[in-house]
Amino acid sequence: MDELRIRTAVASEAETVLAFWGQAAEGTSITDDVDGVTRLIARDPEALILAELHGRLVGSVIAGYDGWRCSLYRLAVLPGHRRRGIATALLQAAERRFEAVGGRRGDAMVLEANEGAHRAWSAAGYRREDHWRRWVKPYTGPVRTG
């Protein structure tokens with residue numbers, strides 16, 4: 001797919017990315033707002049990787065690296081553009097990033113009910129680890145100590 005362009009996002013694209021996720025991504029997150037996306041880009045400008053086809057946003061992945069772990073989130077492709085190699089190109093870009101920073105393993109967040117995503121991640125060489133579960137606690141204000 002010669003026309004496919006893979007690049008990192010810029011903060012001014014936060015609303016565009018959010019609208020794209022509304023069309024292409026499964027589920028929502030507490031950080032699905034302009035502030036959340038712009039803070040991600042400000043903290044780690046290489047993390048949000050986009051795929052464009054003829055100037056149109058058709059795919060995304062967040063390839064976060066905190067100095068210890070390589071985390072993958074929001075791998076999404078517009079429904080009408082799936083099964084064309086876009087997700088593969090995004091994952092390859094994410095994996096190149098992880099290799100460049102010395103990452104050892106990519107951990108992907110995948111919704112339990114999204115069986116299509118399970119097949120895609122498996123085809124990309126990822127495997128499910130059933131002995132782990134995600135535990136979350138949303139923060140709605142300042143974290144208090146003592």
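The lining of the second largest pocket divides into 3 nonpolar, 3 polar and 4 charged residues, where Ala, Val, Leu, Ile, Met, Phe, Trp, Tyr, Cys and Pro count as nonpolar, Asp, Glu, Lys and Arg as charged, and the others, Gly among them, as polar. This is a predicted model, in which local features need pLDDT of at least 70 and side-chain atom pairs count only at pLDDT 80 or more, while totals for chains, interfaces and linings use all residues. Residues are numbered from 1 along each chain as its sequence is written, and side-chain values use heavy atoms, with hydrogens and water left out. The residues lining this pocket are Tyr65, Gly67, Trp68, Arg69, Cys70, Gly102, Gly103, Arg104, Arg105 and Asp107. A pocket here is an open set of points on a 1 Å grid over the protein atoms alone, where a 1.4 Å probe fits, with protein on both sides within 12 Å along at least five of seven lines, and lining residues have an atom within 4 Å of a point.

Arginine 97 lies in helix 3, residues 86-100, helices being DSSP runs of H or I with at least four residues and strands runs of E with at least two, numbered from the N terminus. With a relative accessible area of 15%, arginine 97 is buried, a word that means under 20%, whereas exposed means over 50% and partly exposed lies in between (1.4 Å probe, protein chains only).

In helix 1, residues 14-24, the buried residues are Ala14, Val17, Leu18, Phe20, Trp21 and Ala24. Seen down the helix axis, they fall within an arc of 160°, so they line one face of helix 1; the arc is that of the directions from the axis to the C-beta atoms. The face turned away from them carries the exposed residues Glu15, Gly22 and Gln23.

Trp21 returns in the largest nonpolar core, where, of 38 residues, Trp21, Leu48 and Leu72 touch the most other members. Such a core is a set of buried Ala, Val, Leu, Ile, Met, Phe, Trp, Tyr and Cys residues joined through side-chain atoms within 4.5 Å. The largest share of this core, 7 residues, comes from helix 3.

Histidine 54, in the loop between strand 2 and strand 3, has a positive phi of about 55° although it is not a glycine, and it is exposed at 65% relative accessible area.
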